[in-house]
Amino acid sequence: MGAHDTEVCRRFGAHLRQLRESKRMTQRAVGRAIGVNHNHVSNLERGERRPTPALLMALDALLTGDERLERLWESLNEANQPAWLSAIRDVQRDALSILQFQAQAIPGLLQTERYARSLIAAISFWESPAWVDDRVEERMERARWFAVAERPFLVTVLPESVIENPIGSPEIMREQLDHLVGLADAGRISLQVVTGHEHPGLLGPFMIIAPSVGPEVVYAESAVEGRVIDDSPEVARFKLRFGRLQAVALSPEQTLTLIKEKAEGFDG
């Protein structure tokens, strides 16, 4: 298997093991129930074997009562949902805090549904409406979780262009900016805007993630893939970049005032 397939199988196997253990079943018991050797189940859980469609159906019938494992397998294998992206989302959910710079758009966790739909449709214009619907729902599921979760606390720095260049209609942009203000007022995020044109964020989007256990890591984003960086000196350099971004940005209080002014400008 290639690196992508290996990661997909590993993640599927870890979820399968959690489901089995939640049912207090042994690998041997699962194997007997679905008609395979227990070594087959062990290989699936270690990510060393790909499940067949028939096996997915049998596992769902035994462990979930719905099509959860089939949907998980499909999601992990989608070309536009690579395994590294799923992995970083898991890290985000477990994080204590995230320091994030996003260069082109409002970060996904902070997007409204209509903003997300306009953005996804624009950058994937060749895809079907059904595909866009699925991606929007996935994003909104994470955004809804973030809005009510106790952690991570998100510190975000954005260039001014992100809040002044409309995505979708003026009404959609007004709704999005109001949502940012609401998240800040609720204490879920700290938001700062950079008004200058020369700053360390020209490197591109990145996140510095502080997990609940272990050292900080950096997730550096590109159009086609993401890269997780755990080398301590490199992480330190990204922290220095983020500190500089905060230093040259407006304060959180000034930023909220600016966002409210920009929102009023979209009343049109």
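Okay, hi everyone. Before anything else, please keep in mind that what you see here is a predicted model.

Let's start with the whole thing. We have 268 residues, and 44% of them count as buried. If you go through the secondary structure, you'll find 12 helices and 6 strands. As for dimensions, the C-alpha trace spans about 65 × 45 × 35 Å along its principal axes.

Now, who touches whom? Take the contacts between residues at least 6 apart in sequence: 72% of those join residues at least 24 apart.

The chain exposes about 13,900 Å², and 51% of that comes from carbon and sulfur atoms. How about charges? There are 31 positive and 38 negative side chains, and the centres of those two sets sit 7 Å apart.

Next, the inside. How many cavities of 30 Å³ or more does the structure hold? The count is 1. The space in the largest cavity is about 30 Å³. Its lining is made by R89, Q92, R93, L109, R142 and W145. Two elements each give two or more residues to that lining, namely α6, residues 83-94, and α8, residues 129-148. The largest share, 3 residues, is from α6.

Find S97 in your structure: it's in strand β1, which covers residues 95-101. Then find S190, which belongs to strand β3, residues 189-194.

Is S190 buried or exposed? Its relative accessible area is 17%, and buried means under 20%, so S190 counts as buried. S97 comes out at 23%, so that one is called partly exposed.

And their contacts? Skipping neighbours within four places in sequence, S190 is in contact with F153, L154, V155, T156 and P252. For S97, leaving out residues up to four places away, the list is P152, F153, I208, I209 and A210. Notice F153: it turns up in the contacts of S190 and also in those of S97.

Terms used:
Residues are numbered from 1 along each chain as its sequence is written. This is a predicted model: local features need pLDDT of at least 70, side-chain atom pairs count only at pLDDT 80 or more; totals for chains, interfaces and linings use all residues. Side-chain values use heavy atoms; hydrogens and water are left out. Helices (H or I, at least four residues) and strands (E, at least two) are DSSP runs, numbered from the N terminus. Buried means under 20% relative accessible area, exposed over 50%, partly exposed in between (1.4 Å probe, protein chains only). Contact means heavy atoms within 4.5 Å. Accessible areas come from the Shrake-Rupley method with a 1.4 Å probe; for residues, only the protein chains shown count as cover. Lys and Arg count as positive and Asp and Glu as negative; His and the chain ends are not counted. The place of a charge is taken as NZ of Lys, CZ of Arg, CG of Asp or CD of Glu. On a 1 Å grid over the protein atoms alone, a cavity is a set of points where a 1.4 Å probe fits but cannot get out, and a pocket is an open set with protein on both sides within 12 Å along at least five of seven lines; lining residues have an atom within 4 Å of a point. Grid points are joined across faces, edges and corners, and a volume is the space filled by probe spheres set on the points.
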